[in-house]
Amino acid sequence: MNVAEWIIVAILSTTLLLLLILTIVLIVKLINLSKEVEKIVVEGQDIAKNANGIVSNVKGMTSIGGSMEMFVNKYVNPKLKSLMKEKEKKNERKD
């Protein structure tokens with residue numbers, strides 16, 4: 001082989017070596033990135049579970065609030081109205 005062929009072989013070998021090193025570094029970075037993404041996904045799932053729990057609690061509160069409103073409208077308000085009518089009757093008798 002003459003000198004020109006050795007130069008071309010040397011250039012190709014160094015290029016291949018650089019590409020191999022860069023590929024290894026890139027693979028290591030991608031593996032680390034995938035570990036970070038996994039942590040973020042796990043944290044996101046925890047946040048979603050907590051949000052679901054909060055929604056369930058609020059839903060329970062509003063259903064109790066609706067039940068209480070129905071109870072008040074069905075039982076307490078009629079009693080109060082009857083008491084108010086009785087008071088009005090007593091006031092009319094006094095006059």
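Me: How many helices and strands does the chain contain?

Reply: The chain has one helix and zero strands, where helices (H or I, at least four residues) and strands (E, at least two) are DSSP runs numbered from the N terminus. The model is predicted: local features need pLDDT of at least 70, side-chain atom pairs count only at pLDDT 80 or more, and totals for chains, interfaces and linings use all residues. Residues are numbered from 1 along each chain as its sequence is written, and side-chain values use heavy atoms, with hydrogens and water left out.

Me: What share of the 95 residues is buried?

Reply: Buried means under 20% relative accessible area, exposed over 50%, and partly exposed in between (1.4 Å probe, protein chains only). Here buried residues account for 0% of the 95 residues. The chain exposes about 9,000 Å², of which carbon and sulfur atoms supply 69%.

Me: Which side chains meet in a salt bridge?

Reply: Side chains of opposite charge can pair when their charged atoms come close. The criterion is a side-chain nitrogen of Lys or Arg within 4 Å of a carboxyl oxygen of Asp or Glu. The structure holds one such bridge, joining Lys39 and Glu36 at 3.7 Å, N to O. Because these residues are three apart in helix H1, about one helical turn separates Lys39 and Glu36. Lys39 counts as exposed, since its relative accessibility is 55%, whereas Glu36, at 43%, is partly exposed.

Me: Where is Leu83 found, and is Leu83 buried or partly exposed?

Reply: Leu83 lies in helix H1, residues 3-94, and is partly exposed because its relative accessibility is 48%.

Terms used. Areas by Shrake-Rupley, 256 points an atom, 1.4 Å probe, with all protein chains shown as cover.
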